[in-house]
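Subject: Structure handover

Hello,

Here is the structure I promised to pass on. Please open it alongside this message.

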Amino acid sequence: MIIAFDDTDSRNTGMCTTYLGALLFEELQQYGPITDDPLLIRLNPTIPYKTRGNAAVALQIETSKPEEVISHVIGRVENFAQFQDENTNPGVVFIRPEQFESCRTELANFFLETVQQVIPIDRAKEIIARNKIEARGYKNGRGLIGALAACGAVLAGQWDYTYELLAYRQPDNWGTLRRVNEKSIWEADNVTYPETWDNVDVANNMVVCVPHSVDPVLYGIRGKNKDTIRKAANMILGEAIERSLLYRTNQGTDMHLIPASFIEDLQDLHSYTIELKVTTVPHTIEGGHTFFKAADKKDKNIDCAAFEPTKNFRELVRKLIPGDLVILSGSMKDGTLNLEKLEIKRLEPKFELVNPTCPSCGKRMKSAGKNQGYRCRNCKTTASEPEIIEIPRDIEIGIYEVPPCARRHLSMPLIRKEQNSYIHPSR
Ligand SMILES: [Zn+2]
């Protein structure tokens, strides 16, 4: 049986859907074995009413006591969900083994849709009713969307994935300052990178695997290899943890990015990858946000942004000039493409006007005065026009990304791609 739930957490009071997942992962084993990795599914990151991470959880259990499992899960959700938060609208879904085949294709497609699109609650309720799926939605039932999507992820079979080990704090410590030895995190990263990633942000000298929110997570270790992730977690020193769970997840897969060709096809609250040509010199406004315009093959322009939290990524963006051919990845918000990745396909040659060279001695001539052209003081040679020279671009062709401190859960770190000179991972 598949058990999935979503939207039990609250931005204000802590609690966390993944913590409930870890708790149930342990408790449900009294009813039978958990038969697969627990799943942590990230949904469309641009949805405005999401809680912190827009995450749903699914567990798969083999049991001869499905009714007991269902009542246990519902009891736990009702105990733990932060109902008082108006933005918390829990949903729980149960899919029995005999329903797997009839639901598989529809829910697998639904999973992809929830990561890329904006899904109305009624759509989830309609699927649940038509397939006679056992489900419980609380308040407006929005959590049913993520819960159903997480079931789809279980049934989908093939999709790209990574892992994240989440370690949870002792309840007495929830809401207090986290006590973690930062040096031990840098050491764990040093030993396990690049098989784990986003533990630290080297360029910005920050630890990023320890959240600052009020939730029970002490740290999260992301990577592709379970053993290496556990090794990293074991190296981290700090306050005692209550429990931990290693989730399989669609984090770090770029699953949210929709390939697009034309700006007219881009919609707010969706994320895209699109090839464009830079048309304006990037400029930075107060607050440190950097903007430029880029055009598609129909010469339609769009505003592109690298916001202040993307830190050193903005320095790269500021080096772009009109004519550069780029493939941009990011989310559409208020008609602006918010960048998370940047591939430079072709660099426009950059020219500069300089004083002309003296044909006799080879040195640069000096200005002879305003509108007077140029002359060489030694040789007395003159020239009327400046010289145009190509100056080297201080960026290279290749793919770049925002630093770990600004990374979205769903964004694929470049370190996951094949290593070659074309890839410029941010660490
Ligand atoms: Zn000269």
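What follows is a short tour, from the whole chain down to single residues.

**Overall**

Keep in mind that this is a predicted model. The protein chain has 8 helices and 25 strands. Its C-alpha atoms fill a box of roughly 100 × 50 × 40 Å along the principal axes. The chain has 427 residues, and 55% of them count as buried. Now take the contacts in the chain with a separation of 6 or more: residues 24 or more positions apart account for 70% of them.

**Zinc site**

Which residues hold the zinc ion? The ion is coordinated by the SG atoms of Cys-358, Cys-361, Cys-376 and Cys-379, at 2.3 to 2.4 Å. Along the chain, these donors follow the spacing C-x2-C-x14-C-x2-C. Cys-358 and Cys-379 are 21 residues apart, and the pair links distant parts of the chain. Cys-358 sits in the loop between strand E19 (350-354) and strand E20 (366-367). Cys-379 sits in the loop between strand E21 (374-375) and strand E22 (382-383).

The geometry is tetrahedral, because the 4 donor atoms subtend angles of 106 to 113 degrees around the zinc ion. The limits for that label are 85 and 135 degrees.

Cys-358 has 2% relative accessibility, so it counts as buried. Cys-379 has 29%, so it counts as partly exposed.

**Helix pair H3 and H4**

Helix H3 covers residues 100-116, and helix H4 covers residues 121-130. They pack at an angle of about 170 degrees, with their axes 12 Å apart. H3 is therefore roughly antiparallel to H4. The cut-off for that term is over 145 degrees.

Which residues meet in this pair? From H3 come Glu-106, Leu-107, Phe-110 and Glu-113. From H4 come Arg-123, Ala-124, Ile-127 and Arg-130. By class, the contact has 4 nonpolar and 4 charged residues, and no polar ones.

Contacts below leave aside neighbours within four places in sequence.

- Thr-17 is found in helix H1 (residues 17-27). Its relative accessible area is 1%, so Thr-17 is buried. Thr-17 touches Phe-5, Asp-6, Asp-7, Thr-8, Asp-9, Ala-55 and Val-57.
- Thr-253 lies in the loop between strand E11 (241-249) and strand E12 (257-260). At a relative accessible area of 8%, Thr-253 is buried too. Its contacts are Asp-160, Tyr-161, Leu-410, Ser-411, Met-412 and Arg-416.
- Val-191 belongs to helix H6 (residues 182-192). Val-191 is partly exposed, with a relative accessible area of 45%. Its contacts are Lys-231 and Met-235.

One distance goes with that last residue. Val-191 and Ile-388 are 197 residues apart along the chain. Their C-alpha atoms are separated by 50 Å.

Then look at how H3 runs roughly antiparallel to H4.

Best regards

Technical notes: Residues numbered from 1 in each chain as written. Predicted model: local features only at pLDDT ≥ 70, side-chain atom pairs only at ≥ 80, totals over all residues. Heavy atoms only, no water. Donors = N, O, S within 2.8 Å, 3.2 Å for Na, K, Ca; no water. Tetrahedral: all angles 85-135°; square planar, octahedral: opposite > 155°, others 65-115°. Helix = DSSP H or I, 4+ residues; strand = E, 2+ residues; numbered from the N terminus. Buried < 20%, exposed > 50% of the residue type's maximum accessible area, 1.4 Å probe, protein only. Axes fitted to C-alpha atoms, helices over the stretch in contact; angles between N-to-C directions. Parallel < 35°, antiparallel > 145°, perpendicular 65-115°, else oblique. Contact = heavy atoms within 4.5 Å. Nonpolar A, V, L, I, M, F, W, Y, C, P; charged D, E, K, R; others polar.
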